[in-house]
Number of protein chains: 2
Amino acid sequence: MTDLKIRDIGEKGLLQRLQRYCPADIIGDDAAVMPTQPGQALVVTTDVLVDGVHFSDRTTSPQDVGWRSAAANLSDLAAMGATPLAITVGLALPSDVAVDWVEKLYQGMNQCLQQYNTAIVGGDICRSSVTSIAITAFGQVPPQRVIRRNAARVGDAIVITGVHGASRAGLELLLHPELGQNLSNSDRSYLINAHQRPQPRLDVLPLLWKIAGASPRIAGMDSSDGLADAVLQICQMSGVGAHIEQQNIPIPNSLADLSPKKALDYVLYGGEDFELVLCMQPIQAQEFVQKLGNGAAIIGNITATSSVIMSDRTNQNPDEVLNLNRGFQHF
Amino acid sequence: MTDLKIRDIGEKGLLQRLQRYCPADIIGDDAAVMPTQPGQALVVTTDVLVDGVHFSDRTTSPQDVGWRSAAANLSDLAAMGATPLAITVGLALPSDVAVDWVEKLYQGMNQCLQQYNTAIVGGDICRSSVTSIAITAFGQVPPQRVIRRNAARVGDAIVITGVHGASRAGLELLLHPELGQNLSNSDRSYLINAHQRPQPRLDVLPLLWKIAGASPRIAGMDSSDGLADAVLQICQMSGVGAHIEQQNIPIPNSLADLSPKKALDYVLYGGEDFELVLCMQPIQAQEFVQKLGNGAAIIGNITATSSVIMSDRTNQNPDEVLNLNRGFQHF
C-alpha cells in the first residue's frame with residue numbers, strides 16, 4: 001500500500017512503523033540510554049535538511065535523502081577523528097507525505113549507518129507544512145586524538161582523502177541529463193552515485209592513527225562545503241595561509257569529460273563530497289596518501305602568509321587567491 | 001535594530017550572532033567535544049517543535065518558546081534519571097524572521113539551561129518556509145539508576161512530583177484572557193507562568209537517589225503528554241494496571257476557580273506540566289513525597305489488572321477507566 005498517507009495512520013502509527021528501524025531495546029522510554037567507552041570524549045554534531053533546499057524528489061529518492069543525511073553527519077564525526085555511536089532523527093512532515101516515503105528515508109539512513117554499526121536511537125515526528133529532517137550524531141574519540149580546524153602549522157602538508165567535485169557533477173547530471181550524453185555509462189553512474197551515496201571517510205581514521213601515533217597533531221575538517229572552503233576555514237582558524245598546487249588536485253576524467261571548463265570549479269567549490277581535508281607533517285602525509293590511494297593527494301602546504309594561493313605549475317593561469325565569496329549561503 | 005531580518009545578515013551572520021550564546025571553546029569545528037564522567041551511560045533525547053503547532057507568537061514570546069523547548073528536553077532526561085550535559089539546536093527558518101526573534105529564542109533556552117549548568121554546544125540553521133526547532137539533549141546517568149517505563153510492579157505507589165493542569169490552564173488564559181476575570185492577579189500569573197516557564201524536575205533526582213539507594217527499582221516518565229497518559233504508558237510498558245484515587249490528585253484552587261468543570265480534565269489530560277510520574281515501593285514513596293512537598297503526592301498504586309481505574313472516594317462519580325483516546329495526536 002504505497003499510497004498510504006501519514007494522516008491515515010497518525011503520529012503513533014507512523015512511530016510504530018519507524019521503530020522497526022531502531023534497536024528493540026531502546027524503544028519506549030523518554031530517552032535512549034547507551035554505554036560509552038571509558039576515557040573517550042563525547043562528540044556531537046547536528047544538521048538540518050529542508051525539502052526544496054537540501055533535497056528534492058526530482059533528483060533524490062527518499063532512500064538517497066536518508067543515506068546522504070546520515071552520511072553528512074557521520075562525516076562531521078570523521079572530521080573530528082571520532083567513531084560514531086548513534087544518531088537521532090527529528091522529522092517535521094506534512095500530513096499528506098506518503099508513509100512509504102518516510103519508511104524509505106529510514107531505510108536509506110540505516111543502509112548508510114549499518115556500515116558503521118551505528119543505529120537510530122531516538123526521534124521525534126511532528127506535523128509541518130514542509131518536510132525537514134534534523135539529525136544529531138554522537139560519536140566518541142580519545143581526547144588526545146581530536147582533529148581540530150585550528151591546529152594547522154606552517155610547513156604542514158595539506159592532504160585530501162579522495163576525489164572532489166564528483167558529487168556536484170552528479171547533481172548537474174540529475175538536473176540536466178542531456179549534459180551527460182558524451183559520458184560512458186560507468187562515468188555517468190560514478191558521478192551520480194557520488195552525489196546520491198557519498199561515503200563518510202570514517203575508514204581513514206585507523207590508518208591515520210597508525211601513522212600519526214597516539215597523540216597526533218592533525219588539523220582538519222570535512223569538505224562538505226567544498227574543498228576551497230575547507231582549506232580556507234582551516235587557515236582562518238589556525239591563523240595561517242596556504243599554497244595549493246593546482247596540478248596536484250586530482251580531477252577525474254569523467255569530470256573533465258562532462259565539462260572541461262567547469263571541472264576545476266566543481267572540484268574547488270562543488271561541495272558535498274564528504275572527504276577529509278587534513279594538515280599534518282609532510283613525512284606523515286606522504287605515507288598516509290601512499291597507503292590510502294584512491295585519489296588521496298597532497299595538494300599543497302601551509303604557509304606563513306594570510307591568504308590561500310593556488311598556483312598553476314604550467315603557467316597557463318596566473319596565481320589565484322581563493323576566497324569564500326563563491327561558497328554557499330543558505331539565506 | 002529589531003527589524004533586521006535573517007536575509008539581511010545571511011546564514012553566516014546569524015551563526016556569528018548565535019555563537020555568543022554558546023561556550024567559546026566549542027565553536028568553529030565540525031562537531032562539539034565534551035568530556036563525560038567514567039562509568040556513566042549516555043542518555044539522548046530529541047524533540048521537534050513547529051510554528052503554529054507547538055508554539056505561536058500569539059501566546060508565546062520567543063524567550064518562552066526557547067525556555068519551553070529546552071525544558072521539554074531536560075524533562076525527558078530527568079525522566080530517565082539523567083543529569084544534563086548539553087543540547088544541540090537545529091533551526092529551520094524563513095528568511096523574513098527577525099534576527100531579534102532568533103536571539104531571544106536562544107536567550108530563553110539559555111535562561112532555562114543555565115539553571116543546570118548546561119550549554120548549547122552545537123547547531124545548524126537553514127532556510128525553510130516554516131519555523132521549526134529541533135533540539136537534542138544529552139545527559140548521563142549511572143546505568144543502575146536509569147528510570148524506565150517498564151519497571152513498575154504490582155503494589156508500587158504512584159507518585160507525582162508536583163501540580164498538574166496548570167500549564168494547560170495557563171494556555172487557555174493566554175488564548176482567552178476573559179476566562180480569567182474572576183482570578184486574582186497572582187493566580188493568573190501562576191497559571192500563565194506554568195505554561196510559559198515550566199521547570200524540568202531535575203531537582204528531584206538527588207532526593208530520589210538518597211531515598212531509594214544506589215541501585216533503585218523505580219519506574220517512571222515525565223508527564224509532558226498529560227498525567228493520564230503517563231500512568232497509562234507506564235502500565236502498558238510494565239504489563240500492569242493501576243488504581244488512582246481522584247481525591248489524592250492535587251487540584252490547585254486557581255484551577256478550580258478558573259473552571260470547576262474542566263479542572264480535572266486539565267489535570268489528567270492537559271499535558272506539558274513536565275512533572276515526573278514515578279512508581280516505587282510505598283515506604284519510599286511516602287518519604288519522597290513528604291520531603292519533596294510542593295504538590296508532590298501519592299495518587300494511587302499499581303495493580304495486577306490490565307486497566308487504569310480512577311475512583312472517587314466521595315462516590316459522587318462512578319469509577320472511570322482512563323484511556324489514551326483523549327490524548328494528543330499530532331497528525
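Student: How much area do chain A and chain B bury between them?
Tutor: About 5200 Å², with 59% of it on carbon and sulfur atoms. Keep in mind that this is a predicted model.

Student: And how many residues are in contact there?
Tutor: 65 residues of chain A touch 65 residues of chain B.

Student: What about salt bridges between chain A and chain B, how many?
Tutor: The count is four. One pairs the side chains of A:Arg149 and B:Asp30, at 3.4 Å from N to O.

Student: Which element of chain A gives the most to the side touching chain B?
Tutor: Strand 2, residues 41-50, with nine residues. By class, that side of chain A has 33 nonpolar, 20 polar and 12 charged residues.

Student: Which strand of chain B does strand 2 of chain A pair with?
Tutor: Strand 1 of chain B, residues 32-34, in the antiparallel sense over three bridges. In that strand 1, B:Met34 sits opposite A:Leu42.

Student: Switching topic: what domains does chain A have?
Tutor: The assignment gives domain 1 (6-141) and domain 2 (147-326). Their C-alpha centres are 27 Å apart, and about 1900 Å² is buried between them, 53% of it from carbon and sulfur atoms.

Student: How many salt bridges and polar contacts between those two domains?
Tutor: Two salt bridges, plus 11 residue pairs in polar contact, both residues at pLDDT 80 or more.

Student: Which element of domain 1 gives the most to the side touching domain 2?
Tutor: Helix 2 of chain A, with 11 residues. That side of domain 1 has 11 nonpolar, seven polar and four charged residues.

Methods:
Residues are numbered from 1 along each chain as its sequence is written. Chains are lettered from A and ligands numbered from 1 in the order in which they are written. This is a predicted model: local features need pLDDT of at least 70, side-chain atom pairs count only at pLDDT 80 or more; totals for chains, interfaces and linings use all residues. Side-chain values use heavy atoms; hydrogens and water are left out. Contact means heavy atoms within 4.5 Å. Buried area is the accessible area (1.4 Å probe) that two parts lose on being put together, summed over both. Helices (H or I, at least four residues) and strands (E, at least two) are DSSP runs, numbered from the N terminus. Ala, Val, Leu, Ile, Met, Phe, Trp, Tyr, Cys and Pro count as nonpolar, Asp, Glu, Lys and Arg as charged, and the others, Gly among them, as polar. Two strands pair if DSSP finds at least two bridges between them. Domain bounds come from an automatic or database domain assignment. A polar contact is a pair of N or O atoms within 3.5 Å; within protein, one must be able to donate a hydrogen and the other to accept it, and residues adjacent in sequence count only if both atoms are side-chain atoms.
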